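Please read the points below with the sequence and the coordinates open side by side. They are meant as a short note between colleagues.

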Amino acid sequence: MGQETENPIEFLNAAEEAVSAYSELKKSLEEERDREKNAGQALEKEKKRVQEKIEKTIKTRQDEVTSTYDAEIGKIDTRLKKATQEREKARKEGVKGRIRTETEPFLVENKELRRQIKAVMKQNNVSSFCTTDVFYTFFKPSGFKEILTLILVFAIIFALLPYIIYMLIPQHKEFMLFIIYLVDIFIFGGLYVLINNRTVGKHGETIRQGRDIKNRIRANKRKVKKIKRSVHRDPGEEHYNLESFDDEIAKIRQERNDVIAKKQAAENTFETVTKNIITDEIESGARETIEALSKDFSDSTEKRKALESEEQAKALELSKTYEQYIGKAHMNETDIERIREMLTAGTATSVIDAVSKIDHPETGEAETKGRD
C-alpha cells in the first residue's frame, strides 16, 4: 500500500510541501519571464536608439556635403545668369547698331528729301500744309493704303455722318435726311473742292514734285522696315562681337560642370566609405552596452527555459504522486488542510473518502447520518 493509505497525514504534509514548492517555482518562472521581457525590450530600445542615431548622423553629414556643393553651384548659376544677360544686352545693342548702320543712308536721304519738299513748297509760295502726309492722302493719294484711307474717310463723311445726325434729330422725317445729305455735300464737298483748287489746281507741278518726293520717302521707309526685319530674323551673330561673352559663359559652364562632378564624387565617396565609417563608429561606441544587454537577455532566456523545464517536471511529478489521489482541483493548501482536518476528526476514513465528501458534501452527510 502507498503512503496515502498507510500514513495519509504524512502524505498530505508531503503534498502540501510539494504544492508550496511548485507555487514558488511558478512564481519564480513568472518573475523570470518578466525579467526576460524587460531585458528584451531594453535591448531592442538600445538597438533602435543606435540605429536612429546612425540614420540621423548620416543624413546630417550627407546634407552638409550636399549643401556645400549646392551653395557653390548656386553662386555659379548667378554668375552664369548675369553673363548670359550681359551677352543678350550686348547682342541687342549690336542689333540696334547694325540697324542704325544699315538704315542710316535711307534715314539721311529721307531727312534731305523732307528738306527738299519744304524748300520746293516755299520756293513756289505753296502752303506748308502741302508737305504733310494728310494732304497727299486726301488730295494726291498714291498707293493702296492712301487710296483705301481716302475711300473710308469719304464714306464716313458723306454717308455715315449724315445718317448719324439724322438719327439724333427727335421726330425725324425722311425729307430731313435728304436735306442733311445735301448740306453735308455742300459743306464738306465744297471745302474739299476749294482746297483742291487752291493747291493741286493752282500748283499742280509743285504738288506733283512733292508727291514724287513723298513716294521716295515712303520707299525708303519700306527699305528701313525691311532691313529691321531682316536683321532681327538673322540668326547669325558674327556682326556683334560676342566672342568675349561666349568665352566667359563657356568658362562658367565648365566650372559648373566641374563642381557637379566633384559633388557626385563626394556623394559616391560618402555612400561607399564615409557612411560605413560613421556606422562603425556609432556601433563601436554602443557595442559594450548592447553586449551587456544581450547577455542579460540571453541569461534571462536560459534561466527561463530551465525554470520552464523544472516547472514541467514538477507538474508531472505532482500529477503522478498527488493529483491522482487528491485531484487537480484540490491541489492547494486550503483543500489539503480540510482533508487533513477531516481525517484527524474521523469524518473521513481516507484521503480519497475526504476528497469525495468535499466534492459531494450532500452524499457525505447522508452516509454519516445512516451510520448514526
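Is R256 buried, exposed or partly exposed? R256 is partly exposed, because its relative accessibility is 26%. Buried stands here for under 20% relative accessible area, exposed for over 50%, and partly exposed for what lies in between, with a 1.4 Å probe and protein chains only.

1. Basis. This is a predicted model, in which local features need pLDDT of at least 70 and side-chain atom pairs count only at pLDDT 80 or more, while totals for chains, interfaces and linings use all residues. Residues are numbered from 1 along each chain as its sequence is written, and side-chain values use heavy atoms, with hydrogens and water left out. Helices (H or I, at least four residues) are DSSP runs numbered from the N terminus, as are strands (E, at least two).

2. Salt bridge D77 to R256. The closest N and O atoms of D77 and R256 are 2.5 Å apart, and the two form a salt bridge. D77 belongs to helix 2 and R256 to helix 7, so the bridge ties together parts that are 179 residues apart in sequence. D77 is also partly exposed, because its relative accessibility is 29%. A salt bridge requires a side-chain nitrogen of Lys or Arg within 4 Å of a carboxyl oxygen of Asp or Glu.

3. Over the whole structure, the search finds 27 salt bridges.

4. Salt bridge E16 to R340. Here the closest N and O atoms are 3.0 Å apart. E16 is in helix 2 and R340 in helix 8, and the pair links distant parts of the chain, 324 residues apart. R340 counts as buried because its relative accessibility is 12%.

5. Salt bridge E46 to R49. This pair has its closest N and O atoms 2.7 Å apart. Both residues are in helix 2, and because they are 3 residues apart, about one helical turn separates them. E46 is buried at 13% relative accessibility, whereas R49 is partly exposed at 40%.

6. Nonpolar core. The largest nonpolar core has 18 residues, and those that touch the most other members are L12, Y322, I326, I339 and V351. Helix 2, helix 7 (243-326), helix 8 (333-345) and helix 9 (351-359) each give two or more residues to this core. Helix 2 gives the most, with 5 residues. Such a core is a set of buried Ala, Val, Leu, Ile, Met, Phe, Trp, Tyr and Cys residues joined through side-chain atoms within 4.5 Å.

7. Positive patch. R114, K118, K145, K221, R222, K225, K226, K228, R229 and R233 form a patch of positive charge on the surface. At least two of its residues come from helix 2 (8-123), and at least two from helix 6 (204-233). Helix 6 has the largest share, 7 residues. K225 is placed in helix 6 and counts as exposed because its relative accessibility is 55%. Patch residues have over 30% relative accessible area and no salt bridge; like charges are joined within 9 Å, and nonpolar side chains (Val, Leu, Ile, Met, Phe, Trp, Tyr) within 5 Å. Lys and Arg count as positive and Asp and Glu as negative, with His and the chain ends not counted.

8. Negative patch. E86, E243, D247 and E248 form a negative surface patch. Helix 7 gives the most to this patch, with 3 residues. E243 lies in helix 7 and is partly exposed at 45% relative accessibility.

9. Nonpolar surface patch. F175, F178, I179, L182, V183, F186, I187 and F188 make a nonpolar surface patch of about 830 Å². F188 is in helix 5 (residues 174-201) and counts as partly exposed at 34% relative accessibility. Accessible areas come from the Shrake-Rupley method with a 1.4 Å probe.

10. Positive phi values. N125 has a phi near 55 degrees, a positive value in a residue other than glycine. N125 sits in the loop between helix 2 and helix 3 (133-139) and is exposed, with a relative accessible area of 69%. N241, not a glycine either, has a positive phi of about 55 degrees. N241 lies in the loop between helix 6 and helix 7 and counts as exposed at 57% relative accessibility.

Conventions
Charge placed at Lys NZ, Arg CZ, Asp CG, Glu CD.
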